[in-house]
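Trainee: I have a new structure open. How do I start reading it?
Mentor: Take one feature at a time, and let me walk you through each.

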Amino acid sequence: MAEAVRPYRGVSAEERRTLRRSQLLEACLDVVGEVGVAATTAEAICARAGLSKRYFYETFTDRDEVLVAALDVFFESARIAILPALAATDATADERLTGTVAALVASVSADPRTARLYVESSRNVALEQRRIAAYDVFADLLLEHAFDIGVEPHGPRARTVALLIVSGTTEVVARWLSGDLDLDEAGLVDAISGVGIAAAAALSDSRPAPSRRP
């Protein structure tokens, strides 16, 4: 029978592990914000958190796992941020899409540390895989809430457009955060939402696309 781990100063072992995990995630963002994803190491994260590597490896297998965990926290916060716009039943589909884009851009740009993690995620295999997986999650949200179209909402045409909007928005926002696009936040939201609205409107014609001749 395993020996029970006693609470320390009234804090259980599980609570301490949860606290250390939060410390490591915050330290990871601090390091990424300062030196970027490529230069982020387990050693640097531990030093910033003030924890030994023993505690790091108690929680994460390697530095990619903590980077992915930090990106997951960002994606979840972004999902929560856009839900009010998606759930605005008194708004038009165009207004819901515009509000969703605005909330997403605001969420990404709110913290320079997560902004850098987001921008540089395409340069790390594990982060890029997680970002691609997130496309499906956000595409599903658009299909379920933001589109008002006369075709099967989860059909191949609608899903193609939703994925195009999500992945395209990701790339454009990353370029904007990197300083490649000379637009203010309102201009960026207007440009992205305008393209999304036009793409969604094109789906309202439910006629099948003409077949290509050989």
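## Reading a helical protein

Mentor: Start with helix H6, residues 112-119. Six of its eight residues are buried, so helix H6 is largely enclosed by the rest of the structure. Keep in mind that this is a predicted model.

Trainee: Which residues of H6 are buried?

Mentor: They are Arg-113, Thr-114, Ala-115, Leu-117, Tyr-118 and Val-119.

Trainee: How many helices and strands are there in the protein?

Mentor: Count the secondary structure elements, then read their order. The protein has nine helices and zero strands. Along the sequence the pattern is α-α-α-α-α-α-α-α-α.

Trainee: What share of the residues is buried?

Mentor: Of the 214 residues, 38% are buried.

Trainee: How do I read contacts along the chain?

Mentor: Look at sequence separation. Take the contacts between residues at least 6 apart in sequence. Of these, 66% join residues at least 24 apart.

Trainee: At what angle do the axes of H1 and H4 cross?

Mentor: For a helix pair, check the distance and the angle. The axes of H1 and H4 (residues 63-86) come within 10 Å and cross at roughly 95°. An angle from 65 to 115 degrees counts as roughly perpendicular. H1 and H4 are therefore roughly perpendicular to each other.

Trainee: Which residues make the contact?

Mentor: H1 contributes Arg-21, Leu-24, Leu-25, Cys-28, Leu-29 and Val-32. From H4 come Val-66, Leu-67, Ala-69, Ala-70 and Val-73. Sort them by class: 10 are nonpolar, none is polar and one is charged.

Trainee: Is Thr-40 buried or exposed, and why?

Mentor: The cut-off for buried is under 20% relative accessible area. Thr-40 has 2% relative accessibility, so Thr-40 counts as buried.

Trainee: What does the side chain of Thr-40 reach?

Mentor: The Thr-40 side chain reaches the backbone oxygen of Gly-36 at 2.7 Å. Set aside neighbours within four places in sequence, and Thr-40 is in contact with Val-31, Val-32, Val-35, Ile-45, Arg-63 and Leu-67.

Trainee: Which helix holds Arg-131?

Mentor: Arg-131 lies in helix H7, residues 125-146. Its relative accessibility is 5%, so Arg-131 counts as buried. Beyond neighbours within four places in sequence, Arg-131 is in contact with Leu-71, Phe-75, Tyr-118, Ser-121, Ser-122 and Thr-170.

Trainee: Where does Glu-26 lie?

Mentor: Glu-26 lies in helix H1. At 42% relative accessibility, Glu-26 counts as partly exposed. The C-alpha atoms of Glu-26 and Arg-48 are separated by 9.0 Å, with the two residues 22 apart along the chain.

Note on methods: Residues numbered from 1 in each chain as written. Predicted model: local features only at pLDDT ≥ 70, side-chain atom pairs only at ≥ 80, totals over all residues. Heavy atoms only, no water. Buried < 20%, exposed > 50% of the residue type's maximum accessible area, 1.4 Å probe, protein only. Polar contact = N/O pair within 3.5 Å; in protein donor to acceptor, adjacent residues only side chain to side chain. Contact = heavy atoms within 4.5 Å. Axes fitted to C-alpha atoms, helices over the stretch in contact; angles between N-to-C directions. Helix = DSSP H or I, 4+ residues; strand = E, 2+ residues; numbered from the N terminus. Parallel < 35°, antiparallel > 145°, perpendicular 65-115°, else oblique. Nonpolar A, V, L, I, M, F, W, Y, C, P; charged D, E, K, R; others polar.
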